[in-house]
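Here is my note on the structure. Keep the 3D view open and find each residue as you read.

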Amino acid sequence: MKIKIEEKIFQAELADNFISRAIGLSLRKEGKMLFKFPRPTKAKIDMALLSKPLYLYFFNSDKELIYSEKAEPWSWSPDTWNFYRPEAKYRYLLESFEDLELKKGEKLEIE
């Protein structure tokens, strides 16, 4: 699917059901995925089964970027078993292996 954020256009896979959201970009090394949740959530995001860092971009129900973070993959050490989420509820999450250089407040458009 095509998504637009301000003047930037990206191709991303859509994860809009439980199974696709649970698998996400696990066991991959490239790509982008847009997670669409049925309602605002505070679900924690883990980095299990990933070998590279991911950039996480959280959008609210108005499709406005409210939080972003670079997430590191888990290793054998429990010290790396972090979970990620913003303090506020979010409705959309864009995951990317590359830094998309998005800024807080930018709007997501789904085409």
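**Points to check**

1. Start in the loop between β6 and β7 (65–71), where Lys63 is found. This is a predicted model, so treat each point as a reading of a prediction. Phi of Lys63 is positive, near 65°, although the residue is not a glycine. Is Lys63 buried, partly exposed or exposed? Its relative accessibility is 26%. Buried means under 20% and exposed means over 50%, so Lys63 counts as partly exposed.

2. Leu49 also deserves a look. Its phi is positive, about 65°, and Leu49 is not a glycine either. Find Leu49 in the loop between β5 and β6. The relative accessible area of Leu49 is 59%. The cut-off for exposed is over 50%, so Leu49 is exposed.

3. Stay in the loop between β5 and β6, because Ser51 lies there. Ser51 has a relative accessible area of 45%, which makes it partly exposed. Now find Lys29. In sequence, Ser51 and Lys29 are 22 residues apart. In space, their C-alpha atoms are 7.2 Å apart.

4. Next, the salt bridges. How many are there? The count comes to two. One joins Arg28 and Glu13, with the closest N and O atoms 2.3 Å apart. This pair links distant parts of the chain, 15 residues apart. Arg28 sits in the loop between α1 (18–23) and β4, and Glu13 in strand β3 (residues 13–15). Both partners are partly exposed: Arg28 has 29% relative accessibility, and Glu13 has 37%.

5. Glu98 and Lys32 also meet in a salt bridge, at 3.0 Å from N to O. Glu98 lies in the loop between β9 and β10 (108–110), while Lys32 is in strand β4, so the bridge ties together parts 66 residues apart in sequence. Compare the cover of the two partners. Glu98 is partly exposed at 45% relative accessibility. Lys32 has 15%. That is under the 20% cut-off, so Lys32 counts as buried.

6. Now turn to the rings. The structure holds five aromatic pairs. One of them is Phe37 with Tyr90, an edge-to-face pair. Their centres are 5.5 Å apart, and the planes stand at 90° to each other. Phe37 is in strand β4 and Tyr90 in strand β9 (residues 90–96), 53 residues apart, so this pair links distant parts of the chain. Phe37 and Tyr90 are both buried. Ring pairs also join them with Phe58 and Tyr67 in a cluster.

7. Which residues gather in a patch of positive charge on the surface? They are Lys42, Lys44, Arg85 and Lys89. Take Lys44 as an example. Its place is in the loop between β4 (32–41) and β5 (45–46). Lys44 is exposed, with a relative accessible area of 52%.

8. A patch of negative charge lies on the surface too. Its members are Glu6, Glu7, Glu109 and Glu111. Glu6 is in the loop between β1 (2–5) and β2 (8–11). With a relative accessible area of 38%, Glu6 is partly exposed.

Technical notes
Residues numbered from 1 in each chain as written. Predicted model: local features only at pLDDT ≥ 70, side-chain atom pairs only at ≥ 80, totals over all residues. Heavy atoms only, no water. Patch = residues over 30% accessible without salt bridge, like charges linked within 9 Å, V, L, I, M, F, W, Y side chains within 5 Å. Areas by Shrake-Rupley, 256 points an atom, 1.4 Å probe, with all protein chains shown as cover. Salt bridge = Lys/Arg side-chain N within 4 Å of Asp/Glu carboxyl O. Lys, Arg positive; Asp, Glu negative; His and termini not counted. Charge placed at Lys NZ, Arg CZ, Asp CG, Glu CD. Helix = DSSP H or I, 4+ residues; strand = E, 2+ residues; numbered from the N terminus. Buried < 20%, exposed > 50% of the residue type's maximum accessible area, 1.4 Å probe, protein only. Phe/Tyr/Trp six-rings, centres within 6.5 Å; stacked < 30°, edge-to-face > 60°.
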